[in-house]
Amino acid sequence: MLTNDQLSKWDRDSFMHPSTHLAQHARGESPNRIVQTASGCHITDRDGNRFLDAFAGLYCVNIGYGRQEVAEAIAEQARELAYYHAYVGHGTEASITLAQMVMDRAPDHMSKVYFGLGGSDANETNIKLVWYYNNIRGLPQKKKIISRWRGYHGSGLMSGSLTGLSLFHQKFDLPLDAVLHTTSPYYFRRDDLSLSEAEFSAKCAADLEELIAREGAGTIAAFIAEPLLGTGGIVPPPAGYWEAIQPVLQKHDILLIADEVVTGFGRMGSMFGSPHYGITPDIMTIAKGLTSAYAPLSGSIISNKVWKVLEDGTDEFGPLGHGWTYSAHPIGAAAGVANLKLLDSLNLVENARDTGAYFNQAMRTALAEHAQVGEVRGDGMLCAVELVEDRDTRTFFDPAKKITPQIVAEMARRGVIARAMPQGDIIGYAPPLCLSREEADTVVSVTAEAIKEVLERR
Ligand code: PLP
């Protein structure tokens, strides 16, 4: 084991962490967990503490930790060809093979995949392509993008604007003007409690229509959404939502970008979330599960309809002026190829469906009647427990009480990692897709114990 006692100090002195309370971290008031090894669904820190990681890192280690096949593929790629770029038609065996493997798994109406590095940059790419698309079509006014409150699409300038969570906007001068937000498809937090799910979905579609009418359809290029709200609270769409939304977009010639960064590559118990929910996207964003985070890689999958216009555009205006040095990086691509092979050979998509259903049911059985559990929800290998101060009046806890961070900390003390979702008292779960039923039982029982511990000592 590493015995460098300086690490903890260096971490506070030198390392600026993402999504962290900078002052508390620097002062040593919050934990700095230094993770050292991992295998299957477990991580171990340098003090020897072992945790069942029920959030798979940041819902990304779909195949589980420590897969030697992926490590070998990365090492072999690094030895043979660590890097070559993909500009001006260059490729590598790994990047071309991965493109083919992704397209073999994508819905039939999709045409090509462009590779980036992470989900945020993939969404930046998507918006640029949408703008290019409408300029080529002679529609230079049609540029605004509609996203949803509580959507998460990254934290770049544009992707952070698309995100609909205040933490990612405040003091950053975001969102940018080109981005509009519409109603969040979050049935549990609806304002009008008398609405059925179907009525609420119809309201979401009506609100979207109203926004389009107000702005003018001729100014709106695309609608971006996760098939299932992820970071905003792990909220499956209400009944009839996608059936109500898609015709509105089609009627107004608005492209649909399905952000599959979380839902792609098996997490829903199906390869992608779009077919799972009957969505027909024009562009799909992929990242996380594409390589199970063994190396950074993302992608934009482009439909035949959009591709044709892009192709025509380059015939008219020359090469596409877009790309990163590391687009389609061979090491990421080699990790992706090995990862997708394992996803198939270990039947992990099926396990996400079956064990995910077991996990969600077990969580509901253990907690649904609890006085402070407002809702247990999920789909595939995704689950959320939303806590409320009062179930009958649906009163939410004062965020200052930090109920969920306390519960999650209590769970970690008991050896299970879950995520306190950023907005609301919501405990989130997105374990590796190889989770076993026994591990699911552990996550459920530790959750129940931690909730009891924190809520009873209030
Ligand atoms: N889109 C979705 C749906 C995500 O959940 C995330 C990250 O969690 C992103 C985009 C951004 O991806 P990244 O953090 O790799 O930039």
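Predicted model: local features only at pLDDT ≥ 70, side-chain atom pairs only at ≥ 80, totals over all residues.
Me: Why is histidine 329 called buried?
Reply: Its relative accessibility is 16%. Buried means under 20%, so histidine 329 counts as buried.

Me: Where does histidine 329 lie?
Reply: Histidine 329 belongs to the loop between α11 (304-317) and α12 (330-345).

Me: What makes the pair formed by the side chain of histidine 329 and the backbone nitrogen of isoleucine 331 a polar contact?
Reply: A polar atom of the histidine 329 side chain is 3.1 Å from that nitrogen.

Me: Which residues does histidine 329 contact, leaving aside its neighbours within four places in sequence?
Reply: They are Ala82, Tyr83 and Leu297.

Me: What is the order of the strands in the open sheet?
Reply: The seven strands follow the order β4-β10-β9-β8-β7-β5-β6, with mixed pairing. β4 (110-116) and β6 (179-182) are the edge strands, because each pairs on one side only. On average, neighbouring strands of this sheet are turned by 20° against each other, direction ignored.

Me: How do you know that β4 and β10 pair?
Reply: Six bridges join β4 to β10 (residues 298-303). Pairing requires at least two bridges, so these strands pair; they run antiparallel. In β10, serine 300 is the bridge partner of tyrosine 114.

Me: Which helix packs on the sheet touching β4, β9 and β10?
Reply: Helix α5 (residues 93-105) does, and its direction makes about 135° with that of β4. Helix α11 also packs on the sheet, touching β4, β8 (255-259) and β10, with its direction at about 90° to that of β10.

Terms used: Residues numbered from 1 in each chain as written. Heavy atoms only, no water. Helix = DSSP H or I, 4+ residues; strand = E, 2+ residues; numbered from the N terminus. Buried < 20%, exposed > 50% of the residue type's maximum accessible area, 1.4 Å probe, protein only. Polar contact = N/O pair within 3.5 Å; in protein donor to acceptor, adjacent residues only side chain to side chain. Contact = heavy atoms within 4.5 Å. Axes fitted to C-alpha atoms, helices over the stretch in contact; angles between N-to-C directions.
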